[in-house]
Amino acid sequence: MKIIIAKDYQEASCLAADIIEKAVRENPSCTLGLATGSSPVGMYQELARRCAEEGLDFSKIHSVNLDEYVGLEPTHDQSYRYFMDDNLFNHINIEKANTYVAKGVGDVEENLREFNAVLDRTEIEVQVLGVGPDGHLGFNEPGDTLYDGAHKEVLDESTIDANQRFFASRDDVPRYAVTMGMGNIMRAKKLLMIVSGKKQDAMKALLLSDKIDPKCPVTFLRLHRDATVILEKSLADEIGFQI
Ligand code: GLP
């Protein structure tokens with residue numbers, strides 16, 4: 001696992017964009033695994049800038065997203081389809097038809113069959129990740145066991161608390177989500193995690209302990225051959241981590 005300490009969020013976003021840019025330039029028709037949440041927003045802005053000003057070309061790129069809330073229409077402003085259009089796809093020259101965000105409405109089982117079929121035929125070049133305060137990846141919540149493939153998750157109360165800030169009230173936060181499984185994430189050729197916000201506990205488990213613990217899914221990153229974690233210096237200092 002490669003760990004990069006960035007001086008601030010801006011630098012973290014640029015360093016993360018460098019990794020995506022390299023993948024896109026080396027293989028202009030690769031599939032990117034993308035993530036929502038506030039952590040990758042700065043990287044998406046930087047990629048949009050490089051597309052507009054530096055000719056970074058997404059015209060043949062495909063993408064697949066980590067997860068989606070169950071019960072939100074793609075037009076809902078908190079759905080992850082809406083988030084991706086609004087934060088990235090509308091600002092780069094990617095073909096929308098080449099972007100996949102699992103459906104959150106309709107028949108969940110059918111949606112999961114489709115999601116798994118997409119993942120089975122896709123090789124993800126770089127999977128972008130954020131991390132939940134409880135260590136969740138995508139929506140793989142802590143538990144005694146984790147899942148290999150795409151599945152439905154019941155969101156932890158702490159996840160509902162953490163994501164409440166994006167909704168009018170706590171009651172509006174969906175209770176279920178569909179997510180890539182840990183196996184789907186671990187099969188990506190590269191993992192790129194951007195850590196921002198209150199992630200002290202998750203980062204202590206990842207960086208200061210040797211345990212691989214399903215009760216903190218982010219610790220599985222340590223098993224990947226090509227994982228990069230970018231965190232801000234303030235967070236590294238707070239948990240007493242040094243390279
Ligand atoms: C959600 C997403 C995760 C994301 C997490 C952290 O729960 N499902 O993929 O990593 O939020 O979000 P943030 O980056 O806003 O802290």
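How far is an oxygen atom of the ligand from an N or O atom in the side chain of serine 39? The answer is 2.5 Å.

This is a predicted model, where local features need pLDDT of at least 70, side-chain atom pairs count only at pLDDT 80 or more, and totals for chains, interfaces and linings use all residues. Numbering runs from 1 along each chain as its sequence is written, and side-chain values use heavy atoms, with hydrogens and water left out.

View 1. Lysine 199 puts a polar side-chain atom 2.7 Å from a ligand oxygen. For arginine 165, a polar side-chain atom lies 2.9 Å from an oxygen atom of the ligand. The protein covers 96% of the 390 Å² of accessible area (Shrake-Rupley method, 1.4 Å probe) that the ligand has on its own.

**View 2. Around phenylalanine 58.** Setting aside neighbours within four places in sequence, phenylalanine 58 is in contact (heavy atoms within 4.5 Å) with residues including Val24, Leu47, Cys51 and Ile94.

Technical notes. Polar contact = N/O pair within 3.5 Å; in protein donor to acceptor, adjacent residues only side chain to side chain.
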